[in-house]
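Reader: I've got a structure open and would like to talk it through. Could you take my questions one by one?

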Amino acid sequence: MHYADQHIHSNFSTDGRDTLNNMAASAMDKGLPLICFTEHMDYDSHYPDGIFEVDTDAYLKGFTELKNNIKAPLELCFGVELGLQPHLVDHFNEYVNNYPFDLVLGSSHIVDGMDAAFPKYYNSFTTEKAANMRYFEAELHCAELFSCFDIYAHLDYALRYAPSGTSDFDYSEYGDVLDSLLKTLIDKGKGIEVNTGGLRKSFKRLNPHPSILKRYRELGGEIVTIGSDAHNTSDIASGFDIALSALSDSGFRYYCVFRERKAEYLRI
Ligand SMILES: [Zn+2]
Ligand SMILES: [Zn+2]
């Protein structure tokens, strides 16, 4: 597998299982050219299951030691996954400027103070469609407000947790808001991610749905990364064959690798 995995959590993330060193060793065993660690920084999130704020100084120290000791050919990059919420614009602008990140993912995990992964979120709407719509509207709002990220991660993440448990998705039901979201990202020079994490859940599909990838491309979007969202060694690069097929089918000929917040386009 000669593709970069740019969404990886070590145990510097609250829900990560394995050390930076073990994650890197596993990536090397799998023959990956590059991995980017993207630890959770969900500032002010009040999750039911803990605090998801990486100790960034300790993470940078551990990362730097590993990078200095690791043998080629695996390249390591230093990233973060920001949990975007509208009131955090100034906070995250300052945070991102304080560290030498290669890649900054922006994610919507919390909407209107509720974690979309917990039943309370969907239970607070009369229909599943209304909950999905609100999720996409919240992402549009964050895409307009924030500029400190490079890639909007797992764009339809909430749908993994929809009560119907279905991975079916009809773009046209959300077409207006999704078109606005994708156009906003394209206008701001921001990319999206193909996240394979959902393949490992009962949901069993990529995030976002391939129709969203296709539409981003149709509207002129070119910046796309691939990420496993691995929280342990065995999930690194899992499902990449499916992600690559979806990208090709959606009209992409290149994917991006980020270093020092700049994209390099590599042929698929
Ligand atoms: Zn996430
Ligand atoms: Zn993640």
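Author: Here are some questions and answers on the metal sites and the helix packing. This is a predicted model, where local features need pLDDT of at least 70, side-chain atom pairs count only at pLDDT 80 or more, and totals for chains, interfaces and linings use all residues. Residues are numbered from 1 along each chain as its sequence is written, chains are lettered from A and ligands numbered from 1 in the order in which they are written, and side-chain values use heavy atoms, with hydrogens and water left out.

Reader: Which residues coordinate the zinc ion (ligand 2)?

Author: Donors here are N, O and S atoms within 2.8 Å of the metal (3.2 Å for Na, K and Ca), and with water not among the atoms, sites may look incomplete. For the zinc ion (ligand 2), the coordinating atoms sit at 2.1 to 2.3 Å. Along the chain their spacing reads H-x1-H-x71-E-x147-D. The residues are His-7 (NE2), His-9 (NE2), Glu-81 (OE) and Asp-229 (OD).

Reader: Why is the arrangement around the zinc ion (ligand 2) put in the class it gets?

Author: Four donors count as tetrahedral if all angles lie between 85 and 135 degrees; four count as square planar and six as octahedral if opposite donors are over 155 degrees apart and all others between 65 and 115; anything else is irregular. The 4 donor atoms around the zinc ion (ligand 2) subtend angles of 81 to 171°, so the arrangement is irregular.

Reader: How many residues apart in sequence are the parts that His-7 and Asp-229 tie together?

Author: Helices (H or I, at least four residues) and strands (E, at least two) are DSSP runs, numbered from the N terminus. His-7 lies in strand β1 (residues 5-8), while Asp-229 is in the loop between β9 (224-227) and α8 (240-249), so the pair ties together parts that are 222 residues apart in sequence.

Reader: Is Asp-229 buried or exposed?

Author: Buried means under 20% relative accessible area, exposed over 50%, and partly exposed in between (1.4 Å probe, protein chains only). His-7 has a relative accessible area of 0% and is buried. At 7% relative accessibility, Asp-229 is buried.

Reader: Which residue coordinates both zinc ions?

Author: The zinc ion (ligand 1) has Glu-81 (OE), His-109 (NE2) and His-154 (NE2) as protein donors, 2.1 to 2.2 Å from it. The zinc ion (ligand 1) and the zinc ion (ligand 2) are 3.5 Å apart. At 1% relative accessibility, Glu-81 counts as buried. The residue coordinating both is Glu-81.

Reader: How are α1 and α2 oriented to each other?

Author: Axes are lines fitted to C-alpha atoms, for helices over the stretch in contact, and angles run from 0 to 180 degrees between N-to-C directions. Helix α1 (residues 20-29) and helix α2 (residues 56-69) pack at about 40°, with axes 10 Å apart. Angles under 35 degrees count as roughly parallel, over 145 as roughly antiparallel, 65 to 115 as roughly perpendicular and the rest as oblique. So α1 and α2 are oblique.

Reader: Which residues of α7 make the contact with α6?

Author: The axes of α6 and helix α7 (residues 210-218) come within 10 Å and cross at roughly 50°. Contact means heavy atoms within 4.5 Å. From α6 come Leu-178, Asp-179, Leu-182 and Ile-186, and from α7 come Ile-212, Arg-215 and Tyr-216.
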